[in-house]
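Please look over the model shown here before reading the comments. They are meant for someone new to it.

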Amino acid sequence: MDSQITLSFSQLFESAFVEQVFSNIDISIKTKSDYLYRIERFQQFISKSGVFDRNSLLEFKRHLSLDSSIAVTTKNKYLIVAKIFCQQLYRLGVLKVDITTGVKSFRQSSGFKTNGFTEAEISDIVSKLNQLEDIRLKTIVTLKLFSGLRDIEITRLTVEDINLTDGILQIHGKARDGLESLPIVPIVISVLKSYLETTGKRSGFVFTSESNRNKGHGRGLTTKTVWLLVRQFLDELGIHRVPHSCRSFFTTELVKKMDNLFDVVTYTRHRSISTLQAYVNQIQKKKTIPQYNKAFSDFALS
């Protein structure tokens with residue numbers, strides 16, 4: 001692709017240059033940080049293949065499609081960031097052709113993406129949380145289950161965002177410019193209070209990295225680390241579900257127990273009430289399964 005690119009292969013993914021590329025987009029600092037994290041996968045793919053040409057983005061998509069360890073939504077996040085990066089390279093004149101043309105996102109089911117937990121699984125999870133000595137992990141899982149926090153919201157949470165007296169969290173929501181107030185239930189207040197007292201945190205990120213490289217620097221966890229921590233917690237219980245099931249559980253319980261879906265939207269922070277229709281359908285379907293089975297109970301096959 002030498003005739004189609006104005007920078008050398010090595011220059012293209014230098015950290016300073018990549019940061020400059022994303023700095024030319026009208027995005028928040030948090031979004032830029034997320035882009036810088038996700039572009040690393042595209043960089044690793046290009047470095048390993050040793051080729052960067054007009055088919056590279058399409059090949060990257062095929063590479064992601066073969067990875068069964070991540071969900072379709074996560075694959076799309078990696079692909080979209082790679083597309084944005086390549087589009088910016090084209091806009092800045094670094095690429096002479098737009099290699100994103102014709103590369104579509106992964107198709108996602110419009111229905112219920114992830115199942116919540118069964119009653120038995122929730123019982124096992126709560127029992128494990130009560131025994132858990134790792135207070136950081138206990139707090140993260142509790143926030144996901146009983147406040148419905150997304151991974152990105154957990155990584156952005158600061159001590160200053162927590163008001164235990166009034167029972168309020170200030171959430172840096174997904175793709176939102178401002179903060180959103182979220183009431184927190186007593187079980188979450190109790191766990192957060194214990195966590196802050198145990199860790200002695202008085203300011204900054206609530207959850208900081210404990211890796212050898214970052215320990216003591218106050219750097220917040222990445223969304224990838226949060227996902228892996230919760231996934232490992234569930235796997236150890238023999239519950240082979242994605243961490244987003246915690247938020248699905250939270251939303252499902254609210255849909256079951258609150259009369260007004262507009263109130264549910266307030267607490268789940270979905271953009272539209274129509275998003276909750278999948279939960280309503282799932283709950284209704286479960287209720288009607290006995291009638292569904294009975295409809296054919298008069299028939300028998302030998």
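The points below cover the overall build, the salt bridges and a surface patch.

1. This is a predicted model, in which local features need pLDDT of at least 70, side-chain atom pairs count only at pLDDT 80 or more, and totals for chains, interfaces and linings use all residues. Residues are numbered from 1 along each chain as its sequence is written, and side-chain values use heavy atoms, with hydrogens and water left out.

2. The chain has 13 helices and three strands, taken as DSSP runs numbered from the N terminus (helices H or I, at least four residues; strands E, at least two). Of its 302 residues, 40% count as buried; buried means under 20% relative accessible area, exposed over 50%, and partly exposed in between (1.4 Å probe, protein chains only).

3. The whole structure holds 11 salt bridges, each a side-chain nitrogen of Lys or Arg within 4 Å of a carboxyl oxygen of Asp or Glu. In one of them, arginine 241 pairs with glutamate 121, with the closest N and O atoms 2.9 Å apart. This pair links distant parts of the chain, 120 residues apart: arginine 241 is in the loop between helix 10 (223–236) and helix 11 (245–257), and glutamate 121 is in helix 6 (residues 119–131). Arginine 241 is partly exposed at 21%, whereas glutamate 121 is buried at 16%.

4. Glutamate 253 and lysine 257 form another salt bridge (2.8 Å, N to O). They are four residues apart in helix 11, so about one helical turn separates them. Glutamate 253 is buried at 19% relative accessible area; lysine 257 is exposed at 63%.

5. Arg150, Glu153 and Arg269 are linked in a salt-bridge network.
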